[in-house]
Amino acid sequence: MTRIVFRTGAGAILATGLLIGLLLVFPGRRNLLIGAYELVLGAIALAALAGSLRGLRPRGFEARSPFDPRRVPAPERAAVGDELERIDRLVVLGSANAFDLHFRLRPLLRQVAAERLHSRGVELDRHEERARELLGDSAWELVRADRELRQRYGPGIAPDELERVVRALEAL
């Protein structure tokens, strides 16, 4: 608190000294210089008030600017969020029509199936019988290598069917 009083007093003394010097140099501009002096004293008073209010913050409280770099999410969090959004778009598109199911969502499901099967020592495209046995019929029909697109504008995968496929992949 004494620091604020000291700074305010020093600022007022400096402003007063400057006013006296300017009045001696420009005696005809007295009204203008006194108006400027009042503005400077008002600014000093506002700065002192803001400084004293800053001391009233609770301990541990940190005011952060929205531009503070510490508020920016970590790149890996952003990357995970972007990947989840991408997968969400693929699911929506795959549910909408057969083309997007076959060429957008199916490659992702095949990749997951191949990785899950590989951890069990089974290659998706080489050990088809064992892969079909582990995945189940509905998941196998979607991820098998020789699956063909029958209708480009046909319906996509139903949500309950996709849920069964995902559960089969998670079970591996």
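This is a predicted model, and the protein chain averages a pLDDT of 84, with 86% of the residues scoring at least 70; pLDDT is the predictor's confidence in each residue, from 0 to 100. Confidence is lowest in helix α3 (residues 75-96), with a mean of 82, and highest in helix α4 (residues 98-118), at 90. As the model is predicted, local features need pLDDT of at least 70 and side-chain atom pairs count only at pLDDT 80 or more, while totals for chains, interfaces and linings use all residues. Residues are numbered from 1 along each chain as its sequence is written, and side-chain values use heavy atoms, with hydrogens and water left out.

Let me turn to the overall architecture. The protein chain has 7 helices and 0 strands; helices (H or I, at least four residues) and strands (E, at least two) are DSSP runs, numbered from the N terminus. Of the 172 residues in the protein chain, 23% are buried, where buried means under 20% relative accessible area, exposed over 50%, and partly exposed in between (1.4 Å probe, protein chains only). Among contacts with a separation of 6 or more, 56% link residues 24 or more positions apart; contact means heavy atoms within 4.5 Å.

I now come to helix α4, where R106 has its place. Leaving aside residues up to four places away in sequence, R106 touches L101, L142, V143, R144, A145 and R147.

In general, side chains of opposite charge can pair when their charged atoms come close. The structure holds 11 salt bridges. One of them joins R104 to D100, with the closest N and O atoms 2.6 Å apart. Both residues lie in helix α4, 4 residues apart, about one turn of the helix. R104 is partly exposed, at a relative accessible area of 41%, whereas D100 is buried, at 9%.

R167 forms a salt bridge with E163, the closest N and O atoms being 2.6 Å apart. R167 and E163 are 4 residues apart in helix α7. R167 counts as exposed because its relative accessibility is 54%, while E163 is partly exposed at 39%. Elsewhere, salt bridges that share partners join R132, D137, E141, R144 and D146 into one network.

Finally, consider a loop. P155 lies between α6 (137-143) and α7 (159-171). Is P155 buried or exposed? P155 counts as exposed, because its relative accessibility is 63%. P155 and L101 are 54 residues apart in sequence and 8.9 Å apart in space, C-alpha to C-alpha. Not counting residues up to four places away in sequence, P155 touches A96, N97 and A98.

Notes: A salt bridge is a side-chain nitrogen of Lys or Arg within 4 Å of a carboxyl oxygen of Asp or Glu.
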